[in-house]
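Student: I would like to learn how to read a model feature by feature. Where do we begin?

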Amino acid sequence: AQKAHLEKNLSPVLANTTPVAPKVVKKPVVVKEESFGSQMLSWVQDKYASMLDVMPDQISNVMLYRFIDDWYGVRYRMGGTTKSGVDCSAFVQNLYKYVFGMNLLRTACMQFQSSKFIKNPAELKEGDLVFFSINTSRISHVGVYLKNNFFVHSASSKGVSIANLTQAYWSRYFVGGGRLVD
């Protein structure tokens with residue numbers, strides 16, 4: 001009886017109200033932030049993939065490319081071992097110590113003698129050494145192979161920079177590669 005009384009008294013009130021949609025509680029959108037490491041990888045991949053003319057996913061050794069980026073443009077100085085000036089073998093020595101945790105001998109000639117020789121440039125892998133005999137019969141220059149015929153080195157003309165083995169100058173003096181890391 002009480003229920004019927006309430007319905008009778010409330011029906012005029014309920015008839016004059018507009019229906020209210022149930023309140024929808026929206027969950028906050030969670031934006032997944034990239035970690036610093038994945039941001040760094042993405043930045044390194046984009047920058048060096050375009051320089052080496054490869055797809056970004058082919059760039060994976062962040063330490064290698066961060067090291068190159070940190071030293072890029074450092075001027076060449078015969079006998080130099082620091083960022084105030086570095087020669088080719090000291091640059092390679094520093095790179096190997098930082099990136100691969102390996103201590104290399106100091107000169108290009110000694111680095112050549114302590115590595116496994118690779119004659120065919122098509123067999124070179126990222127991290128292999130590349131050796132040149134420029135206007136001499138002995139090994140006089142060294143760099144580190146990257147990808148797609150590109151290598152990084154400290155050149156007397158440009159300092160720390162990236163060059164291509166297929167360029168006329170470098171192909172003329174190229175002796176071969178050397179592998180220290182598998």
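Tutor: Begin with a cysteine. At 26% relative accessibility, Cys109 counts as partly exposed. Keep in mind that this is a predicted model.

Student: Is Cys88 buried or exposed?

Tutor: Cys88 is buried, since its relative accessible area is 7% and the cut-off for buried is under 20%.

Student: How many disulfides are there?

Tutor: The general idea comes before the count. A disulfide is a covalent bond between the sulfur atoms of two cysteines. A pair counts if the sulfur atoms lie within 2.5 Å. By that rule, the count here is zero.

Student: Now the fold. What pattern does the protein chain follow along the sequence?

Tutor: Count the elements, then read their order. The protein chain has six helices and eight strands. Their order is α-α-α-β-β-α-α-β-β-β-β-β-α-β.

Student: How many of the residues count as buried?

Tutor: The protein chain has 182 residues, and 38% of them count as buried. Its accessible surface comes to about 11400 Å². Carbon and sulfur atoms hold 56% of that surface.

Student: What do residues 24 or more positions apart account for?

Tutor: Take the contacts in the protein chain with a separation of 6 or more. Residues 24 or more positions apart account for 48% of them.

Student: What does the side chain of Asn61 reach?

Tutor: The Asn61 side chain reaches the backbone nitrogen of Leu64, at 3.0 Å. Leu64 is also one of the buried residues of H3. Next, set aside the neighbours of Asn61 within four places in sequence. Asn61 is then in contact with Val99, Phe100 and Glu126.

Student: One more residue. Where does Gly177 lie?

Tutor: Gly177 lies in strand S8, residues 174-179. Gly177 counts as buried because its relative accessible area is 0%.

Student: Which residues is Gly177 in contact with, leaving aside its neighbours within four places in sequence?

Tutor: Those contacts are Lys116, Phe117, Ile118, Leu124, Leu129, Val130 and Phe131. Take Phe117 and compare sequence with space. Gly177 and Phe117 are 60 residues apart in sequence. From C-alpha to C-alpha, they are 5.8 Å apart.

Terms used: Residues numbered from 1 in each chain as written. Predicted model: local features only at pLDDT ≥ 70, side-chain atom pairs only at ≥ 80, totals over all residues. Heavy atoms only, no water. Buried < 20%, exposed > 50% of the residue type's maximum accessible area, 1.4 Å probe, protein only. Helix = DSSP H or I, 4+ residues; strand = E, 2+ residues; numbered from the N terminus. Polar contact = N/O pair within 3.5 Å; in protein donor to acceptor, adjacent residues only side chain to side chain. Contact = heavy atoms within 4.5 Å. Areas by Shrake-Rupley, 256 points an atom, 1.4 Å probe, with all protein chains shown as cover.
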